[in-house]
Amino acid sequence: MTSTNRSGEVSIRDLCKSFVIGGRPLAVLRTLNLDISSGECLVIVGASGSGKTTLLRILAGLESADSGDVAIDGRPVSGVGAERAVIFQEPRLLPWLTVLGNVAFGLEIRGVPKREAEERARFYIALVGLAEFSDAWPSQLSGGMAQRVGIARALTVQPEILLLDEPLGALDAMTKIGMQEELARVWSEENVTMVMVTHDLEEAIYLADRVLILPKEKDGKARLIDIDLPRPRGRSESRFVRYREELLHEFGLH
Ligand SMILES: Nc1ncnc2c1ncn2[C@@H]1O[C@H](COP(=O)(O)OP(=O)(O)OP(=O)(O)O)[C@@H](O)[C@H]1O
Ligand SMILES: [Mg+2]
């Protein structure tokens with residue numbers, strides 16, 4: 001089921017975005033340049049208000065830039081596209097559909113015949129460990145299970161790029177660690193480019209090939225840190241801990 005010929009390369013050139021708040025312009029993204037390679041996992045961190053969600057929404061085509069270029073596989077992004085899937089903090093499942101119905105929904109609205117859509121949906125439901133819950137209703141799921149359904153739903157349309165905005169932010173600490181492991185596995189099995197926003201520095205180090213740190217200050221520069229650690233990663237290994245110290249230091253913390 002996994003597609004091998006995906007690409008999902010992202011190129012961001014001189015990207016600028018500001019908003020007007022209370023009649024005053026607020027520059028959020030200031031001449032951002034970045035290339036994300038096919039199959040990479042890029043994790044975005046930064047203070048609240050630094051523009052993480054804004055950047056993700058521009059990549060998703062839900063928000064337009066003021067200037068600059070964003071291209072995917074060489075094609076300029078304009079509006080949402082089938083090669084990109086977005087996962088938000090809350091999975092927003094349709095309450096009148098079962099797990100299977102929710103996961104198959106995206107394919108059915110794309111015109112895939114019901115049987116084929118359900119077959120593919122079952123594959124991804126199993127991939128996120130919910131095979132026994134295909135017929136459950138969203139109201140019968142825990143928060144972590146619901147978010148897994150959201151991940152399966154996004155993967156079922158076989159996107160080249162998965163965009164995630166704090167997907168595990170609402171989960172308790174234990175569930176979150178399990179889900180991080182699951183995300184790492186799904187990412188490597190599906191060979192998909194992943195761009196994920198998080199507040200959790202450990203999560204960033206656990207998952208990322210590179211961490212992008214967005215600055216909060218007007219004259220600050222975005223920073224990229226390579227996470228050069230073998231996978232699966234051990235959170236208590238000394239190099240992991242050193243990366244955590246390095247990131248904390250970036251935020252002026254110890
Ligand atoms: N639609 C909008 N209209 C006006 N201002 C906006 C809009 N969306 C975002 N902003 C402003 O842009 C800035 C960045 O917002 P954004 O949501 O991208 O931050 P963030 O890094 O995701 O923060 P958080 O960590 O709190 O989620 C904020 O100051 C916010 O007020
Ligand atoms: Mg945000």
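**Domains and ligand site**

Reply: About 1400 Å² is buried between domain 1 and domain 2, with carbon and sulfur atoms giving 65% of that area; buried area here is the accessible area (1.4 Å probe) that two parts lose on being put together, summed over both. This is a predicted model, in which local features need pLDDT of at least 70 and side-chain atom pairs count only at pLDDT 80 or more, while totals for chains, interfaces and linings use all residues. Residues are numbered from 1 along each chain as its sequence is written, chains are lettered from A and ligands numbered from 1 in the order in which they are written, and side-chain values use heavy atoms, with hydrogens and water left out.

Me: Where do the domain bounds fall?

Reply: Domain 1 is 1-83 + 161-254 and domain 2 is 93-158, bounds that come from an automatic or database domain assignment. Their C-alpha centres lie 25 Å apart, and the contact (heavy atoms within 4.5 Å) takes 17 residues from domain 1 and 14 residues from domain 2.

Me: OK, ligand 1 now. Which residues are the closest?

Reply: The closest are S48, G49, K52, T53 and T54, out of 14 residues that surround ligand 1, each with a heavy atom within 4 Å of it.

Me: And which atoms of S48, G49 and K52 face its oxygen atoms?

Reply: S48 places a polar side-chain atom 2.5 Å from an oxygen atom of ligand 1, whereas G49 uses a backbone N or O atom, at 2.9 Å from an oxygen atom. For K52, a side-chain N or O atom is 2.7 Å from an oxygen atom of the ligand.

Me: Which element gives the largest share of the shell?

Reply: That is α1, with 3 residues; the elements giving two or more residues are β1 (10-21), β2 (24-36) and α1 (52-60), where helices (H or I, at least four residues) and strands (E, at least two) are DSSP runs numbered from the N terminus.

Me: Switching topic, what is the backbone doing at P232?

Reply: The peptide bond from R231 to P232 is cis, with omega near -5°, and P232 is found in the loop between β10 (223-226) and α7 (238-250).

Key
A polar contact is a pair of N or O atoms within 3.5 Å; within protein, one must be able to donate a hydrogen and the other to accept it, and residues adjacent in sequence count only if both atoms are side-chain atoms.
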